[in-house]
Amino acid sequence: MSTAERETPLLRLEGAEVHFRAREKLFRTTIVRALDGVDVSLNQGEALALVGESGSGKTTLGRVSLRLLEPTGGRVYFDGEDITALSDGRLKPFRKRAQGVFQDPFTSLDSYMTIRQIVEEPLIIHKIGRGNERRERVEWALDEVRMRPAGDFLDRYPHMLSGGQRQRVGIARALVLTPEYILADEPVSMIDASSRAEILTLLNELQERHRIAYLYITHDIATARHFAPRTAVMYLGRIVEEGPTKELIADPLHPYTQGLLAAVPEPDPANRLQERDVLPGEPPSPAQVPTGCRFHPRCPAFMDGLCDVADPVPVEIDGGDGGTGRTVACHLHTDAGRERQASSGE
Amino acid sequence: MTARGSSDGPLLQVEDLRLYYAGEHGDVRAVDGVSFEIGAGETMAIVGESGSGKTSLALALLHLLPRNVAVHDGSVALAGESIMELTEGDFRERVRWRQISMVFQGATESMNPVFKVGHQVAEPLTARKERPKHEAYEVAREYMGLVKLPPETFDRYPHELSGGMKQRAVIATALILEPSLVILDEPTSALDVGVQAQIMNLFKRLKRDLGLASLFITHDIALASDLADSIAVMYAGEIVEIGPSEDVLRRPTHPYTQRLLAAIPRLRSDDPLQFIPGVPPDLTDPPIGCRFHPRCPFAFDRCQEQAPPTFQAAEGEATARCWLLDGSSRAPRV
């Protein structure tokens, strides 16, 4: 972020934390650290991608950003206002300005409602317009998501639409309130590869036309490149690396980001001839977060006595041409880790 | 465990396979005249959108048919022997799972929660009562080792395993009767990218070490490239382009294949994403002529009138059903 522009971020999470108790045995409970101290800042009209695997806390973070979930620690600000602990009633103005598009277009639309009813519902909840005015607004929203002519779709039911069309109805439902912020939680992961590009292009166009800020949650870092100029990579409840998406892909700093990138298949007939370099194992449960750096049990660059002991603080990385806004939480880049590498190199 | 399938001809030879379902408004032509071959130890990917008929193709091969089947014909030969006409009893006895097995999409969700994992892996053996239980369990342990499941998972219940481990167990179950061909229907669709890459590595190893042939069904042509020696692109119940992976991925000739490839978000390219406007056709009443013509940017008169036959691509070995490849019709340059 340039220093000249000091606007108030539209959405800001400070040290956001969601811990909850889960019963493990009859008399024993454990703490599940779904989200474990995360800072996120999103300006008006900006798009930030949040990349991570299941259990990384990305969906929890998204739910906190919409205040569908109250964080157990940290703060949430929207347009400068602290909304961390607002009651449902007092959140209503916020809910009009912040909307969500969700992963599964098959279950996130009520199958007993027509497309018109689905898209109109937010207007009813927020007591916006009436009769004809509402109808016009619903048609406008459907037209915006390229369900054209809107009249053809109004009286249909979700099951009569393709996956891509259903997801566009989900977007129209969010758009009908003309929100400033949209959480897009894996909006294309359940859609055919061939329709993904269409949905992403549509979301991009809407952003330009209406200056919407997006938090784009995905497990697919390749889509992030085509959607968000900035990306944050999450692992086990934390952001481990953040920066401009293209730089992060061209030169990933965190070993986890490197592993994530190596796992992405690109259409190349040579792929079949060799095995991929993959990270060993799977992410542990957020109920058993490892000590020190939480990635250390799977890390190829593990430094004994450091990574399993000390939790790396995020370090800002200078891209050479001045601040690039890249941060990484890894001992390869902390002072302690650099000393360690220097001494072992001698 | 030795390399399987060693006859000279192709392992699987499919010709003009059709599977229609009876529907309220006429037959749904899910698989409509599909032909291809898979050599021993080779992988062919079937790539297509949902509703293109790729899963129906698998069900047609395995004779796993719903009640409302209207048409199920064509010829299918496995290692030279025709298997299409076998009775259900013979097919179950000799072919299904024994020679052709399948990893179903979402199979991990259908594991039985009340039985131990090892018991379920052994089930294809125990259900056939050919071996005593303890022997079947021994074989199951061996196959679980083959798919890199730690020995202790044998006595675990499905809910105690991660998604990736459950998928490995499902794969072991598909391999335990030593089939020569396994059908993989979106075998990684519920998995994270990291685990997906691990499972794809496992398939590569099984292919290399066991000579296991596979039919890999996926909607993701990028993922297909991770395993496939050849690729068949399916659209509206038909194969529209088929050939070696090199040809189909590097020199796609059918406009649908070209669009499919251009729609993939690339990690290291800024080419703007392209997409295929419109939706796949209704299979009860597919478009006259080329089935892709309503969505094709290059469609001309002939495409709306006549279904294109299979043409050889200008370069390489791939073939495609597209009038653009016909030397006699003035084809606009793609």
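Me: How many salt bridges does the rule find across the interface of chain B and chain A?
Reply: In this predicted model, side-chain atom pairs count only at pLDDT 80 or more, local features need pLDDT of at least 70, and totals for chains, interfaces and linings use all residues. Side-chain values use heavy atoms, without hydrogens and water. A salt bridge is a side-chain nitrogen of Lys or Arg within 4 Å of a carboxyl oxygen of Asp or Glu. By this rule, the number across the interface of chain B and chain A is eight.

Me: Which element gives the largest share of the side of chain B that touches chain A?
Reply: Helices are DSSP runs (H or I, at least four residues), numbered from the N terminus. Among the elements that give two or more residues to this side are helix H5 (163–175) and helix H6 (193–210) of chain B. The largest share, eleven residues, comes from H6(B).

Me: What area do chain B and chain A bury between them?
Reply: Buried area is the accessible area (1.4 Å probe) that two parts lose on being put together, summed over both. Of the area between these chains, 53% is on carbon and sulfur atoms. The total is about 3,900 Å².

Me: Is B:Gln120 buried or exposed?
Reply: B:Gln120 lies in helix H3 (residues 117–126) of chain B. Buried means under 20% relative accessible area and exposed over 50%, with partly exposed in between (1.4 Å probe, protein chains only). Because its relative accessible area is 9%, B:Gln120 is buried.

Technical notes: Residues numbered from 1 in each chain as written. Chains lettered and ligands numbered in written order.
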